[in-house]
Amino acid sequence: MKAKYLALLAALSAISAVQAAEALTIDVHRDANCGCCKKWISHLEANGFKVVDHVESNMTAVKQSLGVAPRLASCHTAVIDGKFVEGHVPAAQVIELTKRDDLVGIAVPGMPAGSPGMEVDGVQHAYQVIGLTKTGADQVVAEYPTQ
Ligand SMILES: [Cu+2]
């Protein structure tokens with residue numbers, strides 16, 4: 001009887017592990033000609049994300065409709081759990097975003113050299129990952145120093 005119960009528990013936890021993996025699906029909107037956007041997609045896939053790729057003709061309109069503040073803008077715009085991920089955000093902060101109910105999105109503004117998808121040999125510019133709160137304020141979520 002006890003063995004049966006343990007087997008059931010094991011089966012249940014296996015199911016929740018699968019659901020956790022499915023939760024990492026992310027939609028990426030990008031321009032057809034953006035090479036670094038594709039590299040960022042590869043970075044996400046290498047970190048276990050399932051990426052749904054959307055090629056767009058008007059990224060400005062996409063950013064506007066997803067609530068990306070112009071000061072936070074970069075190249076591509078992704079969406080996970082209804083929150084935006086703007087620019088070359090490292091996978092670790094994308095995962096963190098899914099656990100943050102106080103943020104509507106996160107961004108790495110511009111295209112800093114050395115961020116995921118923006119690798120340049122020997123160059124690592126300092127950059128911040130900035131969260132946009134529900135009240136419209138910027139909040140630094142992570143800082144990557146220059147090297
Ligand atoms: Cu880029």
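1. Let's start with a helix. In α2, the buried residues are Cys37, Trp40, Ile41, His43 and Leu44. They cover an arc of only 155° around the axis, so they sit on the same side of α2. Bear in mind as you look around that this is a predicted model.

2. What about the other face of α2, the one turned away from the buried side: which exposed residues does it carry? Those are Gly35, Ser42 and Ala46. On the buried side, the cover over those residues includes β1, β2 (50-56) and α4.

3. Just after α2 comes Gly48, with a positive phi of about 95°.

4. Stepping back to the whole chain, you'll find four helices and seven strands. Following the sequence, they come in the order α-β-α-β-α-β-β-α-β-β-β. The chain has 147 residues, and 31% of them are buried. As for contacts between residues at least 6 apart in sequence, 48% join residues at least 24 apart.

5. Now for the inside. The largest nonpolar core holds 25 residues, and the members touching the most others are Ile26, Val85, Val89, Ile106 and Ala107. At least two residues of this core come from each of β1 (25-31), α2 (35-46), β3 (77-80), β4 (83-87), α4 (91-97), β5 (103-108) and β6 (127-133). As a general point, nonpolar side chains in soluble globular proteins tend to be buried together.

6. Leaving aside residues up to four places away in sequence, what does Ala107 touch? Its partners are Val68, Leu72, Ser74, Glu86, Gly87, Val89 and Ile130. One of them, Val89, is also among the core members that touch the most others, as is Ala107 itself.

7. Most residues other than glycine have a negative phi. Asp81, though, has a positive phi, near 55°. You'll find Asp81 in the loop between β3 and β4. Is Asp81 buried or exposed? Asp81 has 12 C-beta neighbours inside 10 Å, and therefore counts as exposed, the cut-off for that being 12 or fewer.

Terms used: Residues numbered from 1 in each chain as written. Predicted model: local features only at pLDDT ≥ 70, side-chain atom pairs only at ≥ 80, totals over all residues. Core = buried A, V, L, I, M, F, W, Y, C linked by C-beta atoms within 7 Å. Buried ≥ 20, exposed ≤ 12 C-beta atoms within 10 Å, placed from the backbone. Contact = placed C-beta atoms within 7 Å. Arc of directions from axis to C-beta.
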